[in-house]
Amino acid sequence: MKKTWWKEGIVYQIYPRSYKDNTGNGVGDILGIIEKLDYIKSLGVDIIWLCPVYESPNDDNGYDISDYRNISDEFGGNDAFDSLLKEMHKRDLKLVMDLVLNHSSDEHKWFKESRKSKDNPYRDYYFWQEAKNGKEPNNWKSFFSGSVWQKDDITDEYFLHLFTKKQPDLNWENPKVRKEIHNIVEFWCKKGVDGFRMDVISLISKQTDFPDSHVPDNYGETIKTYYANGPKIHQYLNELNQKVLSKYDIMTVGEGPGIDLETGLDYVHEDRNELNMIFHFGHMFIDNGVGGKYDPIEVSLPTFKKVFNDWDAKIYPKGWGSIFLGNHDFSRMVSRFGNTEEYHNKSAKLLALLLFTMRGTVYVYQGDEIGMTNVAYPDISYYNDVETLNSYKEALAKGRDMDAFLKLVHRQSRDNARTPMQWNSSKNSGFSDAEPWLEVNSNYKQINVENQEKDKDSILHFYRKMSAFRKANKVMVYGDYECLNEDDTNLYFYKRYNDEETYIILLNFSNKKQPLDFAKYDLANTDLALSNYSENFDAFLQPWEAQIRKYKS
Ligand code: ISL
């Protein structure tokens with residue numbers, strides 16, 4: 001397997017609005033990130049993925065770009081960005097930009113032109129359709145509630161928006177659009193950025209006859225069958241790769257709703273020249289019922305393990321994967337997969353140990369390194385995320401029990417991951433001198449960076465230990481992976497190995513002591529390399545205990 005910096009590198013994802021406010025307006029900014037670069041470096045991070053910082057009316061917090069070549073003044077503008085890149089490179093940190101190329105903002109000049117008239121030169125930059133039987137052209141539903149079609153009064157036609165109506169989908173069928181996109185990507189490559197995370201890249205090729213979904217109420221199935229992996233997806237990605245990406249030493253990771261085991265490898269196969277990695281959502285949509293995230297279902301540990309097992313088996317050795325357990329779109333990983341009530345410290349560490357011992361590039365989301373948790377605001381007025389607010393309105397219109405729905409919001413809202421970073425126990429958690437754009441999680445006095453810097457047993461120090469361990473042991477990056485107990489409902493054991501060495505990873509995903517079959521796994525023939533407990537026992541694993549052991553022979 002070819003060795004590269006982006007396979008070995010550890011990525012830290014920053015949601016700039018919530019990281020650190022340097023200018024004192026309640027919104028995180030680029031100067032704030034620069035202030036924290038030494039902290040970031042101290043985590044053992046090599047690469048920063050920066051969520052969008054371009055000019056944007058912020059209908060979806062930057063995922064609606066109105067100018068692809070300029071940095072928003074709210075975040076500090078182009079000068080701040082140039083300093084960031086310089087300061088990062090000085091510290092040997094690489095920068096991955098978030099590029100949103102499936103849609104633009106409706107305030108982008110292309111769309112402003114496009115909507116003016118049917119014969120405007122920019123008309124075909126987007127998808128316009130006539131009404132069908134006096135209604136929307138088909139039954140597709142937006143990721144963010146309601147129809148994907150919005151009628152525009154100027155020309156009396158509908159335009160397509162898979163996300164909000166301020167995020168019209170770009171028409172990649174049009175060669176002029178693709179050329180514009182290639183130029184934008186080239187612009188950032190020439191500026192010296194080190195890679196791109198490409199937003200919803202699985203959606204860029206449309207079925208242009210726009211057939212009705214045969215399962216309109218089945219959210220996941222509709223995305224997979226009608227929105228994602230369209231007929232020209234690989235042609236477009238290959239073209240982008242050949243015309244621009246391949247000329248630079250950069251990394252690419254495509255975000256892939258609707259990409260499944262059957263379609264995944266084609267995006268990342270090393271002979272196909274498309275992307276380096278994708279984010280699949282096998283484990284992230286695992287608790288979604290047919291109605292999506294606000295229709296959650298119970299998940300068992302074997303189902304969770306199966307996702308990792310199946311993807312690893314499918315992708316290697318020809319492709320490469322990404323390992324993550326949270327980002328700005330999901331609830332906090334320790335709230336979701338751990339136990340924040342009784343085992344906050346131990347379960348956050350277990351999840352970190354999982355992240356850093358899996359095959360694939362590791363992505364750490366800001367705040368997870370101190371075990372930041374979900375937030376439970378008292379009512380909907382505290383929330384900001386457009387997806388949360390639209391889902392709430394839809395639930396209200398449908399007459400759902402709104403107390404129960406607020407509980408679902410507590411569990412599922414994207415704002416769980418977007419609360420300001422908890423730096424210390426001073427006002428506004430040291431994030432800002434002003435009222436933050438989104439209220440700080442009330443547990444900031446206990447959970448914050450400053451406290452954890454002082455505490456040798458903290459989650460923060462454990463992250464540093466884990467990143468150092470992965471760096472020192474390349475078998476964690478390139479070695480094979482094998483799950484040892486697919487069906488166990490409490491324990492997750494796997495091996496990472498190459499011709500020279502073999503490690504076994506033991507994880508107890510439960511609140512109880514679990515018997516350990518020392519003989520079955522030949523554990524007498526191992527040395528303990530690392531654990532989240534200071535004392536370990538041969539006969540059992542303690543609640544949320546995690547161990548890395550190395551075989552002696
Ligand atoms: O957020 C989700 C579930 O809670 C996903 O369905 C998400 O909308 C999907 O993965 C696409 O996400 C990306 O594109 C969106 C943007 O809002 C997200 O923040 C981004 O990560 C539209 O650009």
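**Ligand site and domains**

Q: How far is a polar side-chain atom of Lys 293 from an oxygen atom of the ligand?
A: In this predicted model, the distance between them is 2.6 Å.

Q: And Asp 60, what's the distance there, from an N or O atom in its side chain to an oxygen atom of the ligand?
A: That pair is 2.4 Å apart.

Q: What about Glu 387?
A: Glu 387 has a polar side-chain atom 3.2 Å from a ligand oxygen.

Q: How much of the ligand does the protein bury?
A: The protein buries 99% of the 500 Å² that the ligand exposes when taken alone.

Q: Which pocket is the ligand in?
A: The largest pocket holds the ligand.

Q: Which residues come nearest to the ligand?
A: Asp 60, Asp 199, Glu 255, Lys 293 and Asp 329 do, out of 20 residues around the ligand.

Q: Switching topic: what are the domains of the chain?
A: The assignment puts 7–104, 175–384 and 414–465 together as domain 1. Domain 2 covers 109–160, and domain 3 runs over 479–551.

Q: How far apart are the C-alpha centres of domain 1 and domain 3?
A: Those centres are separated by 29 Å.

Q: How many residues of each make up the contact?
A: Domain 1 contributes 24 residues to the contact and domain 3 contributes 29.

Notes. Residues numbered from 1 in each chain as written. Predicted model: local features only at pLDDT ≥ 70, side-chain atom pairs only at ≥ 80, totals over all residues. Heavy atoms only, no water. Near = heavy atom within 4 Å. Polar contact = N/O pair within 3.5 Å; in protein donor to acceptor, adjacent residues only side chain to side chain. Areas by Shrake-Rupley, 256 points an atom, 1.4 Å probe, with all protein chains shown as cover. 1 Å grid on protein atoms, 1.4 Å probe; cavity = no way out; pocket = protein on both sides within 12 Å on 5 of 7 lines; lining within 4 Å. Sits in = over half its atoms within 2 Å of the grid points. Domains from an automatic or database assignment. Contact = heavy atoms within 4.5 Å.
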